[in-house]
Amino acid sequence: MDKNVGGPARLLRFVIGVTLLAFGYRNRDRTIGTIAFLCGSDLFATAVIQRCPVNAVFGIDTCGTD
């Protein structure tokens, strides 16, 4: 699998993902908390593995020319 998430996009996904995970955990008894936790886990996972299926579909590559 080719990496397609890097640089500022990766950092932004990481920060927003962790924020949504924390918000979702604190509000886990409400529907919005569950939704936030799921979205945060997706963003966090794509930041860690540096691969996003949506980016692949649209041909977006933010890794640069490493």
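Tutor: Let's start with D2, which sits in the segment before helix 1. This is a predicted model, in which local features need pLDDT of at least 70, side-chain atom pairs count only at pLDDT 80 or more, and totals for chains, interfaces and linings use all residues. Residues are numbered from 1 along each chain as its sequence is written, and side-chain values use heavy atoms, leaving out hydrogens and water.

D2 counts as exposed because its relative accessibility is 62%; exposed means over 50% relative accessible area, buried under 20%, and partly exposed in between, with a 1.4 Å probe and protein chains only. From D2 to T31 there are 29 residues in sequence and 35 Å in space, C-alpha to C-alpha.

T31 brings us to helix 2, residues 31-49. Helices here are DSSP runs of H or I with at least four residues, strands are E runs of at least two, and both are numbered from the N terminus. The expected span of a helix is 1.5 Å times one less than its number of residues. The 19 residues of helix 2 should therefore span 27 Å, and its end C-alpha atoms are 27 Å apart, in agreement.

Which residues of helix 2 are buried? They are G33, A36, G40, T46 and A47. Looking down the axis of helix 2, these buried residues fall within an arc of 160 degrees, so they line one face of the helix; the arc is that of the directions from the helix axis to the C-beta atoms. As background, an α-helix has 3.6 residues a turn, so residues three or four places apart point the same way.

The buried residues of helix 2 pack against helix 1 (7-26), where contact means heavy atoms within 4.5 Å. On the face turned away from that buried side, helix 2 carries the exposed residues T31, L38 and I49. Just after helix 2, Q50 takes a positive phi of about 60 degrees.

Now for the setting. The chain has three helices and zero strands, in the pattern α-α-α along the sequence. Its C-alpha trace spans about 45 × 20 × 15 Å along the principal axes. Of its 66 residues, 26% count as buried. Among the contacts in the chain with a separation of 6 or more, 66% come from residues 24 or more positions apart.
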